[in-house]
Amino acid sequence: MTARAVALRAAPDTGPEPENTPEQLLARTALGDEQAFAALYDHLAGPIFGTVLHVLRSRAYAEEVTQEVLLEIWRKAATFDPARGRVQSWALTIAHRRAIDRVRAEQSAVDREERADRLDLRRPYDDVTETTLDQLDRAQVRAALAVLTELQRESILLAYFQGYTCREVSEKLGVAIGTVKTRMRDGLVRLRDALGVHR
């Protein structure tokens, strides 16, 4: 090994090469240099993630927001003003702002759901009550149908419960259509009275 190689190997790490400072990498990123952005990404991703995680306290959310911040840095690289501070401070300010925005968005979603729950005035469905009322209605209708004549009951059942037309009912029962209509009308009047329905 040569003396120069030994000297290079023993040289202390003095940080990024002068042409690879975050400021220079960002300037090259602003020109669309993807390699510069990759190097900047490696330099900033850890501190950004730490800042975001400190605010959000959720690793999954922090990873998501970190990606959003790095994407924002890619998009806004050309707007960076070196006179206002260092690149890392600028990036961490964006990260902190984004993390706070995420906290507010999550809190707003929780608030909206709570308001929606308070406004939900729908009557809870009581299956037992509904079933009981349904059975009572059926029993009432059965009792009312029992007071009809056979022709009235058959005509109404075919027309209203099975969907047949008056002509089809007359054909099925073998009676004139006029007779079916009359029996149905009379039957409906008797049904209405039996069910206690008043106009």
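Reply: A salt bridge is taken here as a side-chain nitrogen of Lys or Arg within 4 Å of a carboxyl oxygen of Asp or Glu. The model is a predicted one, in which local features need pLDDT of at least 70 and side-chain atom pairs count only at pLDDT 80 or more, while totals for chains, interfaces and linings use all residues. Residues are numbered from 1 along each chain as its sequence is written, and side-chain values use heavy atoms, with hydrogens and water left out.

The chain holds nine helices and zero strands, where helices (H or I, at least four residues) and strands (E, at least two) are DSSP runs numbered from the N terminus. The part in question is formed by helix 4 (residues 59-76) and helix 5 (residues 87-119), whose axes come within 9 Å and cross at roughly 130°; such axes are lines fitted to C-alpha atoms, for helices over the stretch in contact, with angles running from 0 to 180 degrees between N-to-C directions. Helix 4 and helix 5 are therefore oblique to each other, given that angles under 35 degrees count as roughly parallel, over 145 as roughly antiparallel, 65 to 115 as roughly perpendicular and the rest as oblique.

Arg102 counts as buried at 13% relative accessibility, whereas Glu64, at 39%, counts as partly exposed; buried means under 20% relative accessible area, exposed over 50%, and partly exposed in between, with a 1.4 Å probe and protein chains only.

A salt bridge of 3.4 Å, N to O, also joins the side chains of Glu68 and Arg98, linking helix 4 to helix 5 across 30 residues. Glu68 is partly exposed, with a relative accessible area of 27%, and Arg98 is partly exposed as well, at 28%. Arg98 forms a salt bridge with Glu72 too, the closest N and O atoms being 2.8 Å apart; since Glu72 lies in helix 4 and Arg98 in helix 5, this pair ties together parts 26 residues apart in sequence. Glu72 is buried, with a relative accessible area of 9%. Through shared partners, salt bridges join Glu64, Glu68, Glu72, Lys76, Arg98 and Arg102 into one network.
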